[in-house]
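Dear colleague,

Please find below the structure that I am handing over to you. My notes on what was found in it follow directly after.

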Amino acid sequence: MSHKNYLTGNEYNGENIIALTIKSITDGFTATEWVTYIQAQEMGGTIIKGSKGVKISKVIEDKDTKEIKVRSFTVFNIEQCENLDADLKLTPAQYEIYQTLKKENSKLNRKQLAKISEMVWYNKI
């Protein structure tokens with residue numbers, strides 16, 4: 001069973017696999033794809049009220065300071081979501097471009113950022 005992020009396609013590893021597998025077994029999920037609350041919103045979806053997520057962690061190296069940090073996220077199985085737009089799934093490379101644009105263009109309004117994001121999703125950038 002290979003657990004991966006629904007939006008980016010990135011596979012989870014390490015202790016995260018154990019946590020996600022346990023949650024899948026105890027809650028009876030058959031899907032192995034997961035999203036954060038924000039990713040669900042970015043895909044036009046919502047988390048079903050009352051759903052409990054799984055806390056996972058990721059080691060991140062700061063590109064400027066080269067400092068290593070551990071960040072934690074809560075993810076939800078896609079069976080806990082409603083109205084996710086599958087057409088908005090990205091490749092890992094597209095998601096990295098999208099995240100960079102979001103950070104560097106924080107002064108853009110959401111409508112402008114959404115247009116740029118659409119271009120990334122549909123491989124126009």
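Of the 125 residues of the protein, 31% count as buried; please bear in mind that this is a predicted model. The exposed surface comes to about 8400 Å², and carbon and sulfur atoms supply 53% of it. Among contacts between residues at least 6 apart in sequence, 64% join residues at least 24 apart.

The protein has 4 helices and 6 strands. Read from the N terminus on, the elements follow the order β-α-β-α-β-β-β-β-α-α.

Turning to the sheet, 4 strands form an open arrangement in the order E1-E2-E5-E4, with mixed pairing. Strand E1 (4-5) and strand E4 stand at the edges and have a single partner strand each, so one side of each is left without a neighbour in the sheet. Helix H1 (residues 15-27) packs on this sheet, where it touches strand E2 (33-36), E4 and E5. The direction of H1 makes about 165 degrees with that of E4.

The pairing of E4 with E5 can be followed residue by residue. Strand E4 covers residues 54-61 and strand E5 residues 68-77; the two pair in the antiparallel sense over 8 bridges. Val 54 has Val 75 in E5 as its bridge partner, and Ile 56 stands opposite Phe 73 in E5. The hairpin of E4 and E5 has 6 residues between the strands, and in this hairpin Lys 66 takes a positive phi near 65 degrees.

Leaving aside residues up to four places away in sequence, Cys 81 touches Val 35, Thr 46, Ile 47 and Ile 48.

Lastly, the aromatic residues. The structure holds 1 aromatic pair. Phe 29 counts as buried because its relative accessibility is 13%, under the cut-off of 20%. Trp 34, at 0% relative accessibility, likewise counts as buried.

With kind regards

Technical notes
Residues numbered from 1 in each chain as written. Predicted model: local features only at pLDDT ≥ 70, side-chain atom pairs only at ≥ 80, totals over all residues. Heavy atoms only, no water. Pairing = 2+ DSSP bridges. Contact = heavy atoms within 4.5 Å. Axes fitted to C-alpha atoms, helices over the stretch in contact; angles between N-to-C directions. Phe/Tyr/Trp six-rings, centres within 6.5 Å; stacked < 30°, edge-to-face > 60°. Buried < 20%, exposed > 50% of the residue type's maximum accessible area, 1.4 Å probe, protein only. Areas by Shrake-Rupley, 256 points an atom, 1.4 Å probe, with all protein chains shown as cover.
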